[in-house]
Amino acid sequence: MKNSKLLAVLVATAEFASPVKAKEAVSHFTINELTRSNVALRMNIDNTPPPELVDNIHRLIDVVLDPARRMLGRPVYVNSGYRCPELNRAVGGVPKSYHLQGRAADLNTGSIEGNRRLWGILQSLPHTELIWEGGGTWIHVAY
């Protein structure tokens, strides 16, 4: 009986985890990439999103980030994605930031000209917020 319960747990875990790994294999972006933060590492902040927000991150990837990357035809880098409340405070984020919900990302292409092209593409995609930040050194997009 114990073996069958263990097997059921292992199968359920594999079924839960596999779609995420399979999805990330065909995406240009990963949950890890959208939660990684040098500030969090330096300050020892656990920036792991709660399970209920992971769906928001996947929607942002599916509806905005992956289509923008495909249309641009070159890499897009994530400066900041999901932020837990402690990290959001540490970086000076606004209290109602979409980053807290896993619905925003700050992006750059590595050049102002590339960011201009990305800006034009993002304007054509669904979004809640689109902000040209830091004189064009990055773009904030929320969905």
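In the predicted model, strands β1 and β2 run antiparallel and are joined by 3 bridges. Within this pairing, Ser80 stands opposite Asp106 of β2. The two strands belong to an open sheet of 4 strands, whose order is β1-β2-β4-β3 and whose pairing is antiparallel. The edges of the sheet are formed by β1 (77-80) and β3 (129-133), each of which pairs on one side only. On average, and with direction ignored, neighbouring strands of the sheet are turned by 30° against each other.

Helix α4, which spans residues 51-72, lies across β2 and β4 (138-142) and runs at about 35° to β2. Helix α6, comprising residues 112-123, packs on the sheet and touches β2, β3 and β4, and its direction makes about 165° with that of β3.

When residues up to four places away in sequence are not counted, Asp106 touches Tyr77, Val78, Asn79, Ser80, Arg83, His99, Trp138, Ile139 and His140. The C-alpha atom of Asp106 is separated by 6.4 Å from that of Val141, although the two residues are 35 residues apart along the chain.

Asn108 is also placed in strand β2, which covers residues 104-108, and with a relative accessibility of 13% this residue counts as buried. With neighbours within four places in sequence left aside, the residues in contact with Asn108 are Val76, Tyr77, Asn79, Asn115, Thr137 and Trp138.

In soluble globular proteins, nonpolar side chains tend to be buried together. In the present model, the largest nonpolar core has 28 residues, and those with the most contacts inside it are Phe29, Leu34, Leu65, Leu107, Leu118, Leu122 and Val141. At least two residues of this core are supplied by each of α2 (31-35), α3, α4, β2, α6 and β4, and α4 gives the most, with 8 residues. For Val141, the residues touched, not counting those up to four places away in sequence, are Val64, Leu65, Arg103, Ala104, Ala105, Leu107, Leu122, His127, Glu129 and Leu130.

The structure holds 1 aromatic pair. This pair is formed by Trp119 and Trp132 in an edge-to-face arrangement, with 5.6 Å from centre to centre and 80° between the planes. Because Trp119 lies in helix α6 and Trp132 in strand β3, the pair ties together parts that are 13 residues apart in sequence. Trp132 is partly exposed, its relative accessible area being 32%.

Asn44 has a positive phi of about 55° although it is not a glycine, and it counts as exposed because its relative accessibility is 71%.

Notes. Residues are numbered from 1 along each chain as its sequence is written. This is a predicted model: local features need pLDDT of at least 70, side-chain atom pairs count only at pLDDT 80 or more; totals for chains, interfaces and linings use all residues. Side-chain values use heavy atoms; hydrogens and water are left out. Buried means under 20% relative accessible area, exposed over 50%, partly exposed in between (1.4 Å probe, protein chains only). Contact means heavy atoms within 4.5 Å. Two strands pair if DSSP finds at least two bridges between them. Axes are lines fitted to C-alpha atoms, for helices over the stretch in contact, and angles run from 0 to 180 degrees between N-to-C directions. Rings of Phe, Tyr and Trp (its six-membered ring) pair if their centres lie within 6.5 Å; planes under 30 degrees apart count as stacked, over 60 as edge-to-face and the rest as tilted. A nonpolar core is a set of buried Ala, Val, Leu, Ile, Met, Phe, Trp, Tyr and Cys residues joined through side-chain atoms within 4.5 Å.
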